[in-house]
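Please keep the sequence and the structure in view while reading.

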Amino acid sequence: MIHRLIRYLLEDGYCCTPERTFRNDTEYESICKEHEKVLFHKGTIPVATLDKGDILLEILDRKNNHCCYLFDCCGERFCNADYTLAEMSSYLTEIIDSPNPKIWLFMYDAAPCLDENERCDYVNAIRLFYSSLDYKKNKAVCVLSKADKCFGLFKAGKIDKDIAFDKANELYHNFMKQFEERNIVSRLLHTDKWQFVPFCSGEVIYKNDENYEFIPGPNEFPMKLWNTLITNFK
């Protein structure tokens, strides 16, 4: 999803570069190089370059001004039934504790490989994580990825957002509860600090056990996700 979003931004005149001062170690430098290799490569990509680890990216607008930082965080840590906040890395804790406002993108898979109990554990882990944040400085965007792979979500050639939301709630029961406004007055005024976006990255075609080819999906999906983020920047 992150790579699809960045490809869209690059095509739209934005610039994206890894923030190399984020971590000062050889492993992180390798992650930055592999990220660039995947991002700017059009053809077959080695599978080994995928999911190397967490990375911080800087997004510059069309005038080369700083727009935002995008932190790509491995979500598998939330798939553990025994997940605790103590498992977070020091640099993730530093990001969480920083005073600047943040938007958290939480991924929900419309074609999940997890069973019902594992999906429940995933929702509970995210609930634990989000409840630890400063509510006034943090917003959430729930992204239903692979929405094109779930039967019944398409309507007139496009994804129906309401149907996609119902599907997400069916797969991840009450996934939105942890994001609801905690102040009862604000809740009645519908000022919850979260939004829902269905997403389609594209097609992945595996050439063999070591390489694959990525075919980006329609620009409609990264465009809507980016517009959602831009709205929340204000």
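How many helices and strands does the protein have? The protein has seven helices and 11 strands; helices (H or I, at least four residues) and strands (E, at least two) are DSSP runs, numbered from the N terminus. The model is predicted, so local features need pLDDT of at least 70 and side-chain atom pairs count only at pLDDT 80 or more, while totals for chains, interfaces and linings use all residues. Residues are numbered from 1 along each chain as its sequence is written, and side-chain values use heavy atoms, with hydrogens and water left out.

Of the 234 residues of the protein, 41% count as buried. Buried means under 20% relative accessible area, exposed means over 50%, and partly exposed lies in between (1.4 Å probe, protein chains only). The accessible surface of the protein comes to about 13,200 Å², and carbon and sulfur atoms contribute 52% of that surface. Accessible areas come from the Shrake-Rupley method with a 1.4 Å probe, and for residues only the protein chains shown count as cover.

Among the contacts in the protein with a separation of 6 or more, 66% are accounted for by residues 24 or more positions apart. Contact means heavy atoms within 4.5 Å.

The structure holds zero disulfides, a disulfide being a pair of cysteine sulfur atoms within 2.5 Å. Cys 32 is buried, with a relative accessible area of 0%. Cys 142 is likewise buried, at a relative accessible area of 0%.

**The pairing of α1 and α7**

How do the axes of helix α1 and helix α7 cross, and within what distance do they come? Helix α1 (residues 2-11) and helix α7 (residues 220-233) have axes that come within 9 Å and cross at roughly 85°. Axes are lines fitted to C-alpha atoms, for helices over the stretch in contact, and angles run from 0 to 180 degrees between N-to-C directions. The two helices, α1 and α7, are therefore roughly perpendicular to each other; angles under 35 degrees count as roughly parallel, over 145 as roughly antiparallel, 65 to 115 as roughly perpendicular and the rest as oblique.

On the α1 side the contact is made by Arg 4, Leu 5, Tyr 8 and Leu 9, and on the α7 side by Pro 222, Met 223, Leu 225, Trp 226 and Leu 229. The residues of this contact of α1 with α7 divide into eight nonpolar, no polar and one charged. Here Ala, Val, Leu, Ile, Met, Phe, Trp, Tyr, Cys and Pro count as nonpolar, Asp, Glu, Lys and Arg as charged, and the others, Gly among them, as polar.

Helix α7 also contains Thr 228, which is buried at a relative accessible area of 12%. Not counting residues up to four places away in sequence, Thr 228 touches Val 141, Gln 195 and Val 197.

Phe 22 is found in the loop between β1 (15-18) and α2 (26-39). The C-alpha atoms of Phe 22 and Leu 56 are separated by 6.8 Å, although the two residues are 34 residues apart along the chain. Leaving aside its neighbours within four places in sequence, Phe 22 is in contact with Tyr 28, Leu 56, Phe 71, Tyr 91 and Ile 95.

Beyond its neighbours within four places in sequence, Lys 102 is in contact with Ile 95, Ile 96, Lys 137, Asn 138 and Lys 139. Its C-alpha atom is separated by 9.8 Å from that of Asp 134, 32 residues apart along the chain.

Arg 127 is found in helix α4 (residues 116-131) and is partly exposed, with a relative accessible area of 30%. Arg 127 and Phe 175 are 48 residues apart in sequence and 8.4 Å apart in space, C-alpha to C-alpha.
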